[in-house]
Each structure stands twice: as C-alpha cells, then as structure tokens.
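Hi,

Here is the structure I promised to send over.

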Amino acid sequence: MEKFIFYFTILILLTIGCERFPNLGNGYQLDYNGMNDISIIKCLKEGDAPTIFIYGHILDYAFDSTFIIVAECPRDSVPGIKTMSQPEYQEAFEQSTFRQYWIINKQEKSEYSLDTLTKLARYSNVYGPFKKDDYLRKREELKIPRELILKED
C-alpha cells in the first residue's frame, strides 16, 4: 500500500508540474510532431486536423500579437543521416549547430500554394527558412519589434 501511495503521489506531482504549451495567438500552438519534436500548428478550418506550419525541432521561439519568430534545427540537417544507426543519428543531431529561422505573420491571411518546380508547399504568411543574416534582414523589412527576440539573436 505504501508503494502505491508513493507512486500515486509522484504521478500527481508530475501531472501538476507539467507545463502546458502557451497559446501563441490567432489559433497557433506548439505541439509534438511524429518525431517528438515541438512544431507549430494551427487548425485552418473548424473540425479539420491541425496543419503543421513549422515541422522540425524548435530550439527557441518568441511571439507577440502579430509575429511568431522561430529558431529551428531540422532533423534532415545531419550529414550522412541515411547511413547512421538511430543512436548515432540522435547523438549527431543533438550535437548539430545548424540553425534556420522562420517568421510567421499571424495578422496576414494564410494561403497555401505549391511550387510546381521545387515541389515545396508554402503558406503566404510564413517566411523562411532563413540563414541568420537573411532572417535579420527580413525582421527589419517586416518591422518586427526589437523587444521580440530569440536567445540567439
């Protein structure tokens, strides 16, 4: 019985202590994707499954009433991924310093398009992925407030 009470107490403490993902505004949320990485999603139509806007391993994010800014490391950024075992790959991924940056303008309408040449799907209000210099230029162009920063800015 004491063991049961101990485990039950631990379970309650873990449940209470778990942080919920913050609401990013305008229906945008953080959620786990299939790789147990955190992605940014939004339901575009009521009753539909959520659409993933940024799929990857989000390292840092910040948001205000207009913008969401993100630093991300995509899982396919590890060189030699196809020839590695899962433990080797995971270790290499965790040591990766590759970063790319995204900006979502929550005030703009999100329209889907598919580039038939590159086969890349895009949403009109999602900018990126960017290298750091390009990201910083786009921030200025979009007039993102200086107070909205990532740890890596």
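Predicted model: local features only at pLDDT ≥ 70, side-chain atom pairs only at ≥ 80, totals over all residues.

Salt bridges first: the count comes to three. Aspartate 37 pairs with arginine 75, with 2.6 Å between the closest N and O atoms. Aspartate 37 sits in the loop between strands E2 (28-32) and E3 (38-42), and arginine 75 in the loop between strand E6 (67-73) and helix H2 (86-95), so this pair ties together parts that are 38 residues apart in sequence. Both aspartate 37 and arginine 75 are buried.

Helix H3 (residues 132-142) is the other place to look. There, arginine 137 and aspartate 134 are three residues apart, about one helical turn, and their side chains form a salt bridge at 2.5 Å, N to O. Arginine 137 is exposed at 52% relative accessibility, while aspartate 134 is partly exposed at 35%. Glutamate 141 and lysine 138 are also three residues apart in H3, and they meet at 2.9 Å, N to O. Here glutamate 141 is exposed (53%), but lysine 138 is buried (14%).

As for disulfides, there are zero. Cysteine 73 is buried at 2% relative accessibility, whereas cysteine 43 is partly exposed at 41%.

Last, glutamine 100, which is in strand E7 (residues 100-105). Glutamine 100 is buried, with a relative accessible area of 12%, and its side chain makes a polar contact of 2.7 Å with that of glutamate 72. Beyond its neighbours within four places in sequence, glutamine 100 touches residues including Val70, Pro74 and Phe130.

Cheers

Technical notes
Residues numbered from 1 in each chain as written. Heavy atoms only, no water. Helix = DSSP H or I, 4+ residues; strand = E, 2+ residues; numbered from the N terminus. Buried < 20%, exposed > 50% of the residue type's maximum accessible area, 1.4 Å probe, protein only. Polar contact = N/O pair within 3.5 Å; in protein donor to acceptor, adjacent residues only side chain to side chain. Contact = heavy atoms within 4.5 Å. Disulfide = S-S within 2.5 Å. Salt bridge = Lys/Arg side-chain N within 4 Å of Asp/Glu carboxyl O.
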